[in-house]
Amino acid sequence: MNIFLSFQKILLLTSLFLFQLYALEPEHKQLLSAKATLLLLETIKKHAIVFGKGEQEVHVFIDPYCPFAQKYLSLLLEKSEQKFKENTYYFYLYKLKQKNSKEAIQTILSAEEKRKILIDIMVKDDFFIDENLDVEAKIRAIADVAKKIGVYKRPYILVDGKLQH
């Protein structure tokens, strides 16, 4: 009986601790208006990896090694027939600080078949990373816009210039 009570106390304390952590996390807000965000996105569209031909534009900042971004892309590809008719997805490669994805980003951005390589790296986890590529200008342009917009997570999804939670 004492073990059970101890377990309940541990569970309760853990729950309270996690609640406190969640409550302390700052609320992230979009830094710019939707109109200003869309104007900035126009400046980097040429660096995007595009999927779909739908009317609705969806802009997504991803890190190729982020498990949440990998899951998002994987789910999107599973529903591609429907989703790619409705939407045009613009994927921007933006490195997370804690991920070592610079070489993967360089490999994808310098490839002829960017979509194929993106899928190979993010979904199939099956590709050789070339560490001798230089696409710094593209990476910097995407990073500059991401910082101005306030991108804080991956995937960071914008529809009509508005952050989707």
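These legends go with a handful of close-up views of the structure above.

Heads up that this is a predicted model: local features need pLDDT of at least 70, side-chain atom pairs count only at pLDDT 80 or more, and totals for chains, interfaces and linings use all residues. Residues are numbered from 1 along each chain as its sequence is written, and side-chain values use heavy atoms, with hydrogens and water left out.

View 1. Helices (H or I, at least four residues) and strands (E, at least two) are DSSP runs, numbered from the N terminus. Seven of the seven residues of β3 are buried, so the strand is largely enclosed by the rest of the structure. Buried here means under 20% relative accessible area, exposed means over 50%, and partly exposed is what falls in between (1.4 Å probe, protein chains only). One side of β3 carries N87, Y89, F91 and L93, the other T88, Y90 and Y92, and every one of them is buried.

**View 2. The neighbours that pair with β3.** Two strands count as paired if DSSP finds at least two bridges between them. On the antiparallel side of things, β1 and β3 are joined by three bridges, and F51 has Y89 as its bridge partner in β3. With β2, the pairing is parallel and takes in seven bridges; here Q56 is partnered by N87 of β3.

**View 3. Helix α6 and what its buried residues pack against.** Helix α6 spans residues 114–122, and I117, L118, I119, D120, I121 and M122 are buried in it. What do the buried residues of α6 pack against? They pack against strands β1 (49–51), β2 (56–62) and β3 (87–93), plus helices α3 (67–78) and α5. Contact is taken as heavy atoms within 4.5 Å.

**View 4. D120 with two lysines.** Side chains of opposite charge can pair when their charged atoms come close. The cut-off for a salt bridge is a side-chain nitrogen of Lys or Arg within 4 Å of a carboxyl oxygen of Asp or Glu. D120 and K116 meet at 2.7 Å, N to O, and they sit four residues apart in α6, about one turn of the helix. D120 also bridges to K124, with the closest N and O atoms 3.8 Å apart. Is D120 buried or exposed? D120 is buried, at 6% relative accessible area, while K116 is partly exposed at 41% and K124 is exposed at 54%.

**View 5. Salt bridges elsewhere.** A search of the whole structure turns up six salt bridges. In one of them, R140 reaches E136, the closest N and O atoms being 3.9 Å apart. R140 and E136 are about one helical turn apart because they lie four residues from each other in helix α7. R140 is partly exposed at 49% relative accessibility, and E136 is partly exposed too, at 22%. Elsewhere, E42, K45 and E57 are linked in a salt-bridge network.

**View 6. The largest pocket.** On a 1 Å grid over the protein atoms alone, a pocket is an open set of points with protein on both sides within 12 Å along at least five of seven lines, and lining residues have an atom within 4 Å of a point. The largest pocket holds about 300 Å³ of space, where the volume is the space filled by probe spheres set on the points, and grid points are joined across faces, edges and corners. Its lining has 15 residues, with Y94, K95, L96, K97 and R154 nearest the centre. Helices α5 (102–110) and α7 (136–149) are the elements that give two or more residues to this lining, and α7 has the largest share, with four. By type, the lining splits into eight nonpolar, one polar and six charged residues. Nonpolar covers Ala, Val, Leu, Ile, Met, Phe, Trp, Tyr, Cys and Pro; charged covers Asp, Glu, Lys and Arg; the others, Gly among them, count as polar.

View 7. The R154 to P155 peptide bond is cis, with omega near -5 degrees, and P155 belongs to the loop between α7 and β4 (156–159). D160 lies in the loop between β4 and β5 (162–164). D160 is not a glycine, yet its phi is positive, near 55 degrees; the residue counts as partly exposed at 46% relative accessibility.

**View 8. T37 in helix α2.** T37 is found in α2 (residues 34–44) and is buried, with a relative accessible area of 0%. Leaving aside residues up to four places away in sequence, T37 touches Q30, L32, I149, L158 and G161.

How values were computed. On a 1 Å grid over the protein atoms alone, a cavity is a set of points where a 1.4 Å probe fits but cannot get out, and a pocket is an open set with protein on both sides within 12 Å along at least five of seven lines; lining residues have an atom within 4 Å of a point.
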